[in-house]
Amino acid sequence: MQDNVAQTRPPRPARWHGREKGVEWPGERPAGQPGSRISEEVFELVKICPIRTGYTLVSPAVPDRASRRSKLAYTGLFQKRSGRIRVPVKCFLAEANGRRILVDTGWGRESASRPMKSIGFGLWFASEPVLPKEETLDAWFGRLGVTAEELDAVILTHMDVDHVGGLGDVRGARHFYAAREEWEAAQAGGVRYNRKLWKGIPIEPLAMREDAAAPFGRSCDLFGDGSVKVVFAPGHSAGSCAVVVSDGGKFAVLSGDNGYNAKSWDELALPGPMVSRSDMLRSLRWVKSLREDPRCAGVFAAHDPAAGMEPVAF
Ligand SMILES: [Zn+2]
């Protein structure tokens with residue numbers, strides 16, 4: 001086990017546990033019923049539950065920079081607001097080998113109720129957050145029967161406002177992680193980041209190790225058992241990552257903003273916001289190769305409007 005991960009874990013609430021492999025979700029069965037025990041079998045199960053924290057209204061050049069002529073079109077500048085597209089802002093609750101993680105945090109309550117104050121005018125202008133009250137993290141966690149305190153880790157694929165916005169809503173989680181490169185870039189400031197959003201949150205830079213299978217040769221096996229791997233995949237931002245959740249055979253990819261929709265992987269369509277074209281391409285090619293792997297149970301991107309909200313288990 002890596003040093004940056006808590007060694008002790010309190011027991012899970014019974015209603016989270018499934019009896020056998022198959023889709024079973026928290027809240028579907030009351031606690032204490034037969035089968036709601038902790039067993040070896042249960043912990044082989046990987047579950048992924050998409051959580052949509054509202055939407056963002058952006059230029060069509062955000063998911064596909066080639067859709068507009070100007071390189072800066074993704075900022076929304078000099079374009080009609082009526083031409084914007086609405087894309088979901090998702091984060092993912094996952095469980096693998098008995099640990100529970102949240103990948104990204106979406107928009108937070110503040111980003112919706114006082115968006116300009118919360119994320120600043122420039123970022124509000126570029127990304128117009130919309131967060132219905134039934135889609136806050138609190139509301140989702142209430143429906144799913146989980147609490148922030150039960151999260152072993154919150155993993156940030158990167159630190160853009162639509163991924164760290166909800167950090168304040170899950171401050172009770174045990175650990176918060178981001179790639180060192182991302183953490184440093186975000187701390188240094190710059191127009192895309194807003195430090196207010198992680199004020200008081202003890203984000204730990206991840207200790208990455210050499211990994212020949214990773215697109216940039218580095219990843220972090222978060223719990224030391226291969227169930228949750230944070231893979232360095234920059235390009236969209238300086239330290240973007242993707243999270244691969246595995247039961248040892250099958251796996252799923254929580255790709256953050258390494259691709260917005262099928263076109264990103266099928267045609268390697270580059271997004272508007274990126275810090276390196278070549279890194280972005282390498283990261284997209286890597287996600288594409290995982291997506292084509294027969295063991296892949298799915299690629300879950302933060303902003304794919306075509307992706308469903310159904311939980312996945314394997
Ligand atoms: Zn995003």
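1. Tyr55 of strand E1 (47-58) has Pro88 in E2 as its bridge partner. This is a predicted model, in which local features need pLDDT of at least 70 and side-chain atom pairs count only at pLDDT 80 or more, while totals for chains, interfaces and linings use all residues. Residues are numbered from 1 along each chain as its sequence is written.

2. E1 and E2 run antiparallel and are joined by 10 bridges; two strands pair if DSSP finds at least two bridges between them. E1 also pairs with strand E14 (residues 312-313), again antiparallel, through two bridges, and here Lys47 stands opposite Ala313. A further antiparallel pairing, over two bridges, links E1 to strand E4 (residues 129-130), where Thr56 has Pro129 as its bridge partner. In general, strands of a sheet pair through backbone hydrogen bonds, either parallel or antiparallel.

3. How many of the residues of E1 are buried? The number is 10 of 12, so E1 is mostly covered. Buried means that 20 or more other C-beta atoms lie within 10 Å of the residue's own; exposed means 12 or fewer, and partly exposed is in between, with C-beta atoms placed from the backbone. Over the chain, buried residues make up 50% of the 314 residues.

4. Helix H5 (residues 137-144) has Leu137, Trp140 and Phe141 buried. Why are these residues on the same side of H5? Because they cover an arc of only 95° around the axis, the arc being that of the directions from the helix axis to the C-beta atoms. The buried residues of H5 pack against E1. After H5 comes Gly145, with a positive phi near 70°.

5. Now to the core. The largest nonpolar core has 84 residues, and those with the most contacts inside it are Phe92, Val243, Val245 and Leu254. Such a core is a set of buried Ala, Val, Leu, Ile, Met, Phe, Trp, Tyr and Cys residues joined through C-beta atoms within 7 Å. Strand E2 (residues 85-96) gives the most to this core, with seven residues. Leaving aside residues up to four places away in sequence, Phe92 touches Ile48, Cys49, Pro50, Ile51, Val103, Leu254 and Phe300; two residues are in contact if their C-beta atoms, placed from the backbone, lie within 7 Å.

6. There is also an open sheet of six strands, in the order E8-E9-E10-E11-E12-E13, with mixed pairing. Its edge strands are E8 and strand E13 (296-301), each pairing on one side only. Within the sheet, strand E10 (residues 228-232) and strand E11 (residues 241-246) are antiparallel over five bridges, with Val228 opposite Val245 of E11. Helix H9 (residues 277-291) lies across E11, strand E12 (251-256) and E13, and runs at about 145° to E13. That angle is between N-to-C directions, on a scale from 0 to 180 degrees, with axes as lines fitted to C-alpha atoms, for helices over the stretch in contact.

7. Is Arg209 buried or exposed? Arg209 is exposed, because it has 12 other C-beta atoms within 10 Å. Arg209 touches Arg218, Ser219 and Cys220, not counting residues up to four places away in sequence. Cys220 is 11 residues from Arg209 in sequence, and their C-alpha atoms are 5.9 Å apart.

8. Most residues other than glycine have a negative phi. Asp104 has a positive phi, near 70°, and is in the loop between strand E3 (99-103) and helix H2 (109-113). Asp104 counts as buried because it has 28 C-beta neighbours inside 10 Å. Leu268 also has a positive phi, of about 50°, and is in the loop between helix H8 (262-266) and H9. Leu268 is partly exposed, with 14 other C-beta atoms within 10 Å.

9. Finally, confidence. The mean pLDDT of the chain is 84, and 85% of its residues reach 70 or more; pLDDT is the predictor's confidence in each residue, from 0 to 100. Over residues 1-43 pLDDT stays under 50, and the model has 58 contacts beyond four places in sequence for this stretch. Where pLDDT is low, the predicted coordinates should not be read in detail.

Note on methods:
Helix = DSSP H or I, 4+ residues; strand = E, 2+ residues; numbered from the N terminus.
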